[in-house]
Amino acid sequence: YTRIEVGESQSFLKNWDDKKHAVLYALIQTPAHYEALFHPAPVMGAKRPFAPDAALYINEQILLVARVMPVSENMDRVFEVERISVVEQQLALHYRFNEPQTNATFSVKNYLAVRIPRHDYEKVIFVENGEKVGELNAGEGQWCVPAVPLQPR
């Protein structure tokens, strides 16, 4: 896998009901999936792309897990990949969530995103600090929880 750093693209996660779904998780397999979750953030002088190149999805896909949390000094250290495993048609992302210990007065949407080889899976499991926090039924087309509508092109 290859980790995608939080500031790698010039975009931010769209809002979701984090009271109902504390953890957002997804298997991003197309540019449309990415666009449904992220909003471009144009800034004068910035040269970063708004999204990964569409060619990425020919051979890879992106596992994403996100939470709303107080801002942290180093956003990329809040989530740590422990391992990614595959058993038959089931993919599992095991990661550590290190809750920020801060006096920050505002929250941000922070995420862990990793590029993995493209493959069709029946299930995708997300395991945070040893506890299962979610599961996608990818074999039936479920790619994100909470469900996010795709924009017509």
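What volume does the largest pocket have?

Author: The model is a predicted one, in which local features need pLDDT of at least 70 and side-chain atom pairs count only at pLDDT 80 or more, while totals for chains, interfaces and linings use all residues. Residues are numbered from 1 along each chain as its sequence is written, and side-chain values rest on heavy atoms, with hydrogens and water left out.

The volume of the largest pocket is about 160 Å³. Rolling a probe the size of a water molecule over the atoms shows where empty space is left. Here a 1 Å grid is laid over the protein atoms alone: a cavity is a set of points where a 1.4 Å probe fits but cannot get out, whereas a pocket is an open set with protein on both sides within 12 Å along at least five of seven lines, and a lining residue has an atom within 4 Å of a point. Grid points are joined across faces, edges and corners, and the volume is the space filled by probe spheres set on the points.

The lining comprises 15 residues, and Ile4, Glu8, Ser9, Tyr34 and Pro52 lie nearest the centre of the pocket. By class, 12 lining residues are nonpolar, one is polar and two are charged; nonpolar covers Ala, Val, Leu, Ile, Met, Phe, Trp, Tyr, Cys and Pro, charged covers Asp, Glu, Lys and Arg, and the others, Gly among them, are polar. Strand 5 (60–70) and strand 8 each contribute at least two residues to this lining, and strand 8 gives the most, with three. Helices (H or I, at least four residues) and strands (E, at least two) are DSSP runs numbered from the N terminus.

Tyr34, already named in the lining, also belongs to a cluster in which ring pairs link Tyr34, Phe38 and Tyr111. The rings considered are those of Phe, Tyr and Trp (its six-membered ring), which pair if their centres lie within 6.5 Å; planes under 30 degrees apart are stacked, over 60 edge-to-face, and the rest tilted. There are five aromatic pairs in the structure. One of them joins Phe38 and Tyr111 edge-to-face, with 5.4 Å from centre to centre and 80° between the planes. This pair links distant parts of the chain, since Phe38 belongs to strand 4 (residues 38–40) and Tyr111 to strand 8 (residues 107–117), 73 residues apart. Phe38 counts as buried because its relative accessibility is 5%, and Tyr111 counts as buried because its value is 4%; buried means under 20% relative accessible area, exposed over 50%, and partly exposed in between (1.4 Å probe, protein chains only).

The charged end of Arg67 sits over the ring of Phe97, 4.7 Å from the ring centre, the criterion being NZ of Lys or CZ of Arg within 6 Å of the ring centre and within 35 degrees of the ring normal.

With a relative accessible area of 9%, Trp143 is buried. Beyond neighbours up to four places away in sequence, Trp143 touches a set of residues including Tyr25, Leu27, His33 and Leu150, where contact means heavy atoms within 4.5 Å. Gln142 is found in the loop between strand 10 and strand 11, but at 32% relative accessibility Gln142 counts as partly exposed.

Most residues other than glycine have a negative phi, and most peptide bonds are trans. Val145 and Pro146 are joined by a cis peptide bond, with omega about 0°. Pro146 is placed in the segment after strand 11 (144–145) and counts as buried at 12% relative accessibility. Pro146 and Leu24 are 122 residues apart in sequence but 6.3 Å apart in space, C-alpha to C-alpha; leaving aside residues up to four places away, Pro146 touches Trp16, His21 and Leu24. Glu88 has a positive phi, near 55°, in the loop between strand 6 (79–87) and strand 7, and is exposed at 72%. Asn129 also has a positive phi, of about 50°, and its place is in the loop between strand 9 (123–128) and strand 10 (131–136); at 31% relative accessibility Asn129 is partly exposed.
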